[in-house]
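Here are a few notes to read with the model open beside you. Take them one at a time and find each residue as you go.

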Amino acid sequence: MVNATGTLQLVLQPRGSRKDKGEENFKHSIVRGIRLRDIAAELGPDLAALTALYPDGVGRFWGSTPTSQVNNYKARALRDRRVGDEVLFYAEKAFIARARILHLMHNPAAAKWIWGAAEDGQTWEHMVALGDIERLKRPIPAAPILHQLGLGVPLRSITLVGPAEYGALAPMLAEAGILPRRPASITTPPRTLNGKRLFKALERLADACRRDDEDPAARRLPLTVLWHIGQIAIAQGRPAEPPHPGSRLESILQQYGAEPSSDLRTSGLWEVVSRGELWEVDPSAFHAGRASGTRAVGEVSLTPAATALFGDSETRGRAVAVLSTALPDDIDRAKFLAEVGLAGYDSAAGVLDDEETVRPEPGDQGPARRRKVSIDRIIRSSAVAEKVKRLHRHRCQVCDIRLVTRRGFYSEAAHIRGLGRPHEGLDQIDNMLCLCPNHHVQFDGFAIFVDNDLVVRWTADGKKIGKLRLHAEHPIGRENLRHHRRFCGRAD
Ligand SMILES: [Zn+2]
């Protein structure tokens, strides 16, 4: 039986009195918060993590002075508190507010900037960055709770309550109105999630995974989220589609060498994940993973709001493009996407039914055998394709090159929005470009895109390659270009 608090701990945190500026500091650095750009220099290496945690640029901080003791309440709390733990603020014999730890840091420079220094020169250098502060509707008398823990009133020092004690205390805290009555969830309650917030969260995750690529979770998280997105695509697919073998998340992670650590919270990426509106984390998954010694997979899953947004295939396409930037280089992207139900998401052409996903043979660990053929090579000879090539006299609309062969000039007609899944584009002239083979490959692979002003750009950095050359009798469907851009990870 999993208790309500799982492996979470509780930090009891005295706010300090009016006399020692506790109330003032609480208002200053927690209620109002500190603008990160004001202390960017002091934050140093913590700045990146904090910027990811506080998208509005305002951080909420609390600090503790150092202690020379090694085993008192304070020393233990400063040493053993963790990201994800609950903090309960105490003032004047009552508990007044709660928050969750998002980030821990030791930073005397930032502490001095925020709170100055005490008379003895000490500063509050053992710092925590906190999530949204929840003020209790009324102050809750602290005595019964502290007595239960064998502590006296007033609470004199920051004190850590371990998982077992916290679990035992949970019913009492719920009764007192400090904890919600239903089991605490590790997720920040979702605000209204829209496409913009969705992609901000995805980009934050991809950035963090690229930055901390030594972290085992950096390999596991993009795979996990892509798997969840794939499940939505599969659910929307045709009923005739057979289920993919080995498509269970656990076997996918195993196959791609993503180390299942039993507790995601020990990862530096936890902060990015726990802050998400995009995913929810089930605390019982940690507990189960630990207690039974089995792997705790699937502890990150999409929120209902995110699931709804991913119901749109263009949104999925853009998400795949963003998350793919965080996939490790040794992973064959096309093969992986096919295995999780996202075949064709890495190609502007898409896949047709008769060139289904590449299925791994048992024991097949080698490089993927590419059976996927570009659809454009099949219909290159259609009448409308011939017309596009004729209009442009076989000159590439990007680079103007016209290839000469012994059999005459050579060019390729590329569908902007592929005919295969998931694009389902139309075989008509406003959905085509006349390209040289090089630019065709790059366009199909989403390495280049055409912006709304018909400028051709690199997907990687948005740099301009050139202007798309037009022909009066060859209209270009802007919606088709937009669709292609979405799958390049572009918003407009
Ligand atoms: Zn070209």
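Predicted model: local features only at pLDDT ≥ 70, side-chain atom pairs only at ≥ 80, totals over all residues.

1. Where does Arg393 lie? Look in the loop between α17 (383-391) and β12 (403-405). Residues are numbered from 1 along each chain as its sequence is written, and side-chain values use heavy atoms, with hydrogens and water left out.

2. Stay with that loop for a moment. Most residues other than glycine have a negative phi, and most peptide bonds are trans. Arg393 isn't a glycine, yet its phi is positive, about 50 degrees. His394, found in the loop between α17 and β12, also has a positive phi, about 65 degrees, without being a glycine. Arg393 counts as exposed because its relative accessibility is 57% (buried means under 20% relative accessible area, exposed over 50%, partly exposed in between, with a 1.4 Å probe and protein chains only).

3. Now hop to Phe409, which you'll find in strand β13 (residues 408-410). With a relative accessible area of 41%, Phe409 is partly exposed. Setting aside neighbours within four places in sequence, Phe409 is in contact with His394, Arg402, Leu403 and Val404 (contact means heavy atoms within 4.5 Å). Arg402 lies over the face of the Phe409 ring, 3.9 Å from the ring centre. For a charge to sit over a ring, NZ of Lys or CZ of Arg must be within 6 Å of the ring centre and within 35 degrees of the ring normal. The C-alpha atoms of Phe409 and Arg395 are separated by 8.8 Å, and these two are 14 residues apart along the chain.

4. How many aromatic pairs does the structure hold? There are eight. Rings of Phe, Tyr and Trp (its six-membered ring) pair if their centres lie within 6.5 Å; planes under 30 degrees apart count as stacked, over 60 as edge-to-face and the rest as tilted. One of the pairs is Trp62 with Phe89, edge-to-face at 5.5 Å centre to centre and 90 degrees between the planes. That pair links distant parts of the chain, 27 residues apart: Trp62 sits in strand β4 (residues 61-64) and Phe89 in strand β5 (residues 86-91). Trp62 counts as buried at 7% relative accessibility, and Phe89 is buried too, at 0%.

5. Compare that with Phe446 and Phe487: their ring centres are 6.0 Å apart and their planes at 20 degrees, so this pair is stacked. It links distant parts of the chain, 41 residues apart, with Phe446 in the loop between α18 (437-444) and β16 (448-450) and Phe487 in helix α19 (residues 478-487). Both Phe446 and Phe487 are buried.

6. Follow helix α19 to its packing partner. Helix α14 (residues 313-324) and α19 pack at about 40 degrees, with their axes 6 Å apart. That makes α14 oblique to α19. Axes are lines fitted to C-alpha atoms, for helices over the stretch in contact, and angles run from 0 to 180 degrees between N-to-C directions; under 35 counts as roughly parallel, over 145 as roughly antiparallel, 65 to 115 as roughly perpendicular and the rest as oblique. Among the residues making the contact are Arg318 of α14 and Phe487 of α19. The charged end of Arg318 also sits over the ring of Phe199, 3.6 Å from its centre.

7. Two prolines deserve a look. The peptide bond from Val153 to Pro154 is cis, with omega near 0 degrees, and Pro154 is in the loop between α6 (143-148) and β9 (159-161). Arg421 and Pro422 are joined by a cis peptide bond as well, with omega about 0 degrees; Pro422 is in the loop between β14 (412-415) and β15 (432-435).

8. To zoom out, the protein chain has 19 helices and 18 strands, and 52% of its 492 residues count as buried.

Definitions and conventions:
Helix = DSSP H or I, 4+ residues; strand = E, 2+ residues; numbered from the N terminus.
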